[in-house]
Amino acid sequence: MTDRSARPVAVFDLDNTLADTAHRQHFLEGRPRNWSGFFAAAPEDPPLAEGVALLQEQARECEIVYLTGRPERCRRDTRDWLAAHGLPEGRIHMRGNADRRPARFTKLEILRRLARDREVRVLVDDDELVCDDAERAGFTVVRARWAAKSAVLEDAQEREGRT
């Protein structure tokens, strides 16, 4: 049962929604992919102005929830990055370190769990498959199309379940 008296939540992805990953995507080009290097470079991500502006706008009426495909071992760096860029505090949902399911499955599972007791006002994400599945499930979606597309990152999101 959804608590309509509580503030709704606005759910934001991180990579290529709020954080520009372009400078670290080279870690994913070789085989095997260098996931350690990719995630170690995340604290250096510049913020994406369009995503940050939308987040600040939503924060006026909503509680902010961060929903990322980053593994749990990146929690401290993620929390520090959000604080360093003056982004609102909020719950951070991350995948388990060994969870390799595609983001569209892990994120939809969490969205449904959030919606059990709160109104989910919007999901903002760059992953088209996540957005498609969330819309089919009845969620309002904003597709974050302000970062440069990366075929390497899209493949990683769907096939390797790493971000």
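This is a predicted model: local features need pLDDT of at least 70, side-chain atom pairs count only at pLDDT 80 or more; totals for chains, interfaces and linings use all residues.

Trainee: Is methionine 94 buried or exposed?

Mentor: Start with where it sits: methionine 94 is part of strand E3, residues 91-95. Its relative accessibility is 11%. Buried means under 20%, so methionine 94 counts as buried.

Trainee: Which residues does methionine 94 touch, leaving out those up to four places away in sequence?

Mentor: Good follow-up! Contact here means heavy atoms within 4.5 Å. With residues up to four places away in sequence left out, the list for methionine 94 is Thr68, Arg70, Pro71, Glu72, Cys74, Arg75 and Thr78.

Trainee: In which sense do E2 and E3 pair, parallel or antiparallel?

Mentor: Let's find a pair of residues to look at: tyrosine 66 stands opposite isoleucine 92 in E3. E2 and E3 share 4 bridges, and their sense is parallel.

Trainee: What is the handedness of the β-α-β unit made by E2, helix H3 and E3?

Mentor: Follow the chain from strand E2 (residues 63-71) through helix H3 (residues 75-84) to E3. With the strands pointing away from the viewer, a clockwise path over the helix is right-handed. The unit made by E2, H3 and E3 is right-handed.

Trainee: How far apart are the end C-alpha atoms of helix H4?

Mentor: Helix H4 covers residues 103-115, which is 13 residues. At 1.5 Å a residue, the helix should span 18 Å. The distance between its end C-alpha atoms agrees with that: 18 Å.

Technical notes
Residues are numbered from 1 along each chain as its sequence is written. Side-chain values use heavy atoms; hydrogens and water are left out. Helices (H or I, at least four residues) and strands (E, at least two) are DSSP runs, numbered from the N terminus. The expected span of a helix is 1.5 Å times one less than its number of residues. Buried means under 20% relative accessible area, exposed over 50%, partly exposed in between (1.4 Å probe, protein chains only). Two strands pair if DSSP finds at least two bridges between them.
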